[in-house]
Amino acid sequence: MTYETRPTESLTLSASAGEHAVGPSVPGGSAPRVDVVRTTVVVSLAHALVDAYAGFVPPLLPRIMDKLGLSIALAATVAMTFSLATAVLQPILGWLSDRCCRRAFVIGGPLLSGVFLSLIGLAPTYSVLLAFLILAGLGNAAFHPPGAALAARVEAGAGSGARVSAFGFAGAAGYAVGPVAVVWLVAHRGLEGMWVAMLPALLLTPVALLALPRPPASRPGRLDRGALRELLADIVGPLAVVFAISTVAAFIQRVYLTLAPIIVAQAGGSEVRGAYAVSVYLAAQALGTVLGGFLTDRMDRRTLLVTLSLAAIPAHALAFALHPGSGAGLTAAAVAGFLNMAMVPPVVVMAQEMLPARAALGSGIVLGLAWAVASVAVIAVGAVADYTGPLSAALLSVPLLLGATVLALHPSLAPHARGSTGSPT
């Protein structure tokens with residue numbers, strides 16, 4: 001089979017998949033501009049909210065440890081449980097949403113995540129806390145693949161990269177605001193009073209119900225052996241290449257976020273300086289998402305990925321070597337974070353175009369699954385750091401970005417390299 005994008009066929013397939021289009025079609029297969037813009041705005045708002053809730057867990061761990069009498073090891077398990085719940089099942093949930101109900105996943109995911117993350121302060125035991133986090137993580141995982149698919153709307157024509165960048169920027173902004181908001185809330189109401197944080201999720205639900213157009217009535221297509229073979233061929237084809245690129249980018253990000261504060265501490269810097277390094281890197285990533293989406297629509301995507309991954313190598317090396325807490329180190333961290341996240345929009349759009357009738361599945365693979373694999377791989381870097389020191393381990397990890405450069409040149413990506421021309425919707 002070939003892997004080139006077939007717009008007409010993608011819309012035909014999407015009808016059997018249940019919900020590839022979320023509004024009435026117009027000649028040529030493009031959705032009306034107002035429908036595309038409204039959908040992107042609402043889904044991006046939901047993304048900001050979902051990721052803001054995801055930011056609740058790290059800053060509350062010390063309070064939760066005190067309340068439930070948890071050890072550091074159990075606290076680490078809490079964080080890992082939530083992280084895995086938000087990532088590992090994204091491909092499966094994306095596949096399910098492609099087949100039946102993307103709109104329902106996009107509406108229900110933030111509600112599930114918001115309600116249960118707002119209840120963690122009321123958890124009476126460690127087991128109940130884990131249950132709340134798993135349910136919240138499933139809501140997070142259910143939202144992201146169909147959310148990215150509805151935001152991008154690759155079938156709507158030019159501007160899919162810009163729409164992905166809006167979606168990504170909203171999530172990054174929400175993740176940055178979430179920790180600050182929940183710490184303020186808990187300082188005023190205590191852990192037992194943080195249940196009021198679910199109100200934005202409750203308010204978003206009717207808004208999304210009214211604003212997101214209903215899909216055409218359809219039944220999920222039957223997944224016979226032929227369809228399964230086609231699906232597997234898609235997954236092991238060029239999609240596997242962009243999955244690997246995304247995994248490398250996510251891995252380098254996790255290495256920085258994990259080791260930068262440790263490097264600062266071992267160099268005699270304060271905890272605040274370590275936090276600055278992380279915050280600067282993440283803030284720059286939000287801006288990188290915008291540039292990556294803009295360029296995805298306007299230049300050869302393989303060239304874009306090669307340029308970004310190559311430039312990210314010296315940027316990350318300097319971000320570590322110049323002492324992450326220093327002025328020069330923070331500047332390098334900003335550049336490194338910017339370049340790292342700029343790689344995400346082209347990867348997401350290419351993945352969705354490779355699976356036009358299963359765009360949420362493609363998003364789940366290159367986002368959720370890639371980030372889950374990267375997070376687990378960081379454990380190995382931690383083991384190396386125990387022997388060589390955190391700075392050496394970090395610098396040894398940076399050249400792996402060259403792998404993303406090589407993968408971006410893979411011939412199977414050539415049919416998907418050209419972005420849409422024209423002004424983004």
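Student: Which residues form the nonpolar patch on the surface?
Tutor: This is a predicted model, and in it the nonpolar surface patch is formed by Met 80, Leu 84, Val 88, Leu 89, Ile 92, Leu 96, Val 376 and Ile 379. Together they have about 630 Å² of accessible area.

Student: And which elements give two or more residues to it?
Tutor: Those are the helices α4 (72-87), α5 (90-118) and α15 (359-388).

Student: Take Val 376, then. Is it buried, partly exposed or exposed?
Tutor: Val 376, which sits in helix α15, has a relative accessible area of 45%, so it counts as partly exposed.

Student: What about Thr 81, buried or exposed?
Tutor: Thr 81 belongs to helix α4. Its relative accessibility is 18%, and the cut-off for buried is under 20%, so Thr 81 counts as buried.

Student: What is Thr 81 in contact with, leaving aside neighbours within four places in sequence?
Tutor: Leu 130 and Ile 134 are the contacts of Thr 81 once those neighbours are set aside.

Student: Switching to aromatics: how many pairs turn up in the whole structure?
Tutor: The search finds five aromatic pairs. One of interest is Tyr 53 with Phe 56: the ring centres are 5.3 Å apart and the planes stand at 75 degrees.

Student: Why is that pair edge-to-face?
Tutor: Planes over 60 degrees apart count as edge-to-face, and the planes of Tyr 53 and Phe 56 are at 75 degrees, so the pair falls in that class. Both Tyr 53 and Phe 56 are buried, too.

Student: Which residues form an aromatic cluster?
Tutor: Tyr 256, Tyr 281 and Phe 320 form one.

Student: Let's zoom out. How many helices and strands are there?
Tutor: The protein has 17 helices and zero strands. Of its 425 residues, 53% are buried.

Student: And how much accessible surface does the protein have?
Tutor: About 17,300 Å², with 72% of that belonging to carbon and sulfur atoms.

Student: Last topic: what does the pLDDT average?
Tutor: The average is 79, and 82% of the residues score at least 70.

Student: Where is the pLDDT below 50?
Tutor: Residues 1-31 are below 50, and beyond near neighbours in sequence that stretch has 69 contacts in the model. Residues 420-425 also stay under 50, with 23 contacts beyond four places in sequence.

Notes
Residues are numbered from 1 along each chain as its sequence is written. This is a predicted model: local features need pLDDT of at least 70, side-chain atom pairs count only at pLDDT 80 or more; totals for chains, interfaces and linings use all residues. Side-chain values use heavy atoms; hydrogens and water are left out. Patches are made of residues with over 30% relative accessible area and no salt bridge: like charges are joined within 9 Å, nonpolar side chains (Val, Leu, Ile, Met, Phe, Trp, Tyr) within 5 Å. Accessible areas come from the Shrake-Rupley method with a 1.4 Å probe; for residues, only the protein chains shown count as cover. A salt bridge is a side-chain nitrogen of Lys or Arg within 4 Å of a carboxyl oxygen of Asp or Glu. Helices (H or I, at least four residues) and strands (E, at least two) are DSSP runs, numbered from the N terminus. Buried means under 20% relative accessible area, exposed over 50%, partly exposed in between (1.4 Å probe, protein chains only). Contact means heavy atoms within 4.5 Å. pLDDT is the predictor's confidence in each residue, from 0 to 100. Rings of Phe, Tyr and Trp (its six-membered ring) pair if their centres lie within 6.5 Å; planes under 30 degrees apart count as stacked, over 60 as edge-to-face and the rest as tilted.
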